[in-house]
Amino acid sequence: MDAAKCGAFIAELRSERGMTQKELSEALNVSDKAISRWETGKGYPDVSSLMALSEFFAVSVNELLSGKRIDIEKLPTTAMYNNFPCVKKGGLPRGVSEGL
């Protein structure tokens with residue numbers, strides 16, 4: 001995950017709708033400073049905000065976190081790729097085999 005890519009994607013989605021940071025913050029019930037932090041890559045939205053952003057912009061949470069739209073046909077591969085660094089760091093979760 002890259003906070004700058006995630007933030008740039010949120011800014012792109014907001015701009016496509018012709019919205020200001022203030023308007024988006026009001027729609028999501030967060031501060032405009034939170035929107036600014038996300039868009040500048042200084043932080044990520046919390047889980048509830050990710051869900052709200054996903055619904056509002058009709059994109060997946062995976063797309064938000066990866067910072068780009070994902071072709072639906074490539075979704076399983078992209079999801080696995082995005083999660084690979086987490087698996088690599090912490091090992092596979094209990095009950096998950098290496099063959100996946």
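Alanine 58 is exposed, with a relative accessible area of 68%. Here exposed means over 50% relative accessible area, buried means under 20%, and partly exposed covers what lies in between (1.4 Å probe, protein chains only). Alanine 58 sits in the loop between H4 and H5, and its phi is near 55°, a positive value in a residue other than glycine. Most residues other than glycine have a negative phi, and most peptide bonds are trans.

The model is predicted: local features need pLDDT of at least 70, side-chain atom pairs count only at pLDDT 80 or more, and totals for chains, interfaces and linings use all residues. Residues are numbered from 1 along each chain as its sequence is written, and side-chain values use heavy atoms, with hydrogens and water left out.

Consider the protein as a whole. It has six helices and zero strands, which gives the pattern α-α-α-α-α-α along the sequence. Helices (H or I, at least four residues) and strands (E, at least two) are DSSP runs, numbered from the N terminus. Of the 100 residues of the protein, 29% count as buried. The exposed surface comes to about 6800 Å², and carbon and sulfur atoms supply 55% of it; these areas come from the Shrake-Rupley method with a 1.4 Å probe, and for residues only the protein chains shown count as cover. Among contacts with a separation of 6 or more, 53% are between residues 24 or more positions apart. A contact means heavy atoms within 4.5 Å.

The largest nonpolar core has 16 residues. Such a core is a set of buried Ala, Val, Leu, Ile, Met, Phe, Trp, Tyr and Cys residues joined through side-chain atoms within 4.5 Å. The residues with the most contacts inside this core are Ile10, Leu24, Trp38, Leu53 and Leu64. H1, H2, H3, H4 and helix H5 (61-66) each give two or more residues to this core, and the largest share, four residues, comes from H1. Leaving aside residues up to four places away in sequence, isoleucine 10 touches Leu24, Trp38, Glu39, Pro45, Leu53 and Leu64.

Helix H2 covers residues 21-28, and its residues Leu24, Ser25 and Leu28 are buried. They lie on the same side of H2 because they cover an arc of only 100° around the axis; the arc is that of the directions from the helix axis to the C-beta atoms. An α-helix has 3.6 residues a turn, so residues three or four places apart point the same way. The cover over the buried residues of H2 includes helix H1 (3-16), helix H3 (32-39) and helix H4 (47-57).

The axes of H2 and H4 come within 10 Å and cross at roughly 110°, which makes H2 roughly perpendicular to H4. Axes are lines fitted to C-alpha atoms, for helices over the stretch in contact, and angles run from 0 to 180 degrees between N-to-C directions. Angles under 35 degrees count as roughly parallel, over 145 as roughly antiparallel, 65 to 115 as roughly perpendicular and the rest as oblique. In this pair, Leu24, Ala27 and Leu28 of H2 meet Ala52, Leu53, Phe56 and Phe57 of H4.

After H2 comes asparagine 29, which lies in the loop between H2 and H3. Asparagine 29 counts as exposed because its relative accessibility is 71%. Its phi is near 60°, again a positive value in a residue other than glycine.

In H3, the buried residues are Ala34, Ile35, Trp38 and Glu39. These cover an arc of only 130° around the axis, which puts them on the same side of H3. They pack against H1, H2 and H4. H3 is followed by glycine 41, whose phi is positive, near 75°.

The last stop is serine 54, found in helix H4. Serine 54 counts as buried because its relative accessibility is 13%. Not counting residues up to four places away in sequence, serine 54 touches Val59, Ser60, Val61 and Leu64. Serine 54 and leucine 64 are ten residues apart in sequence, and their C-alpha atoms are 7.3 Å apart in space.
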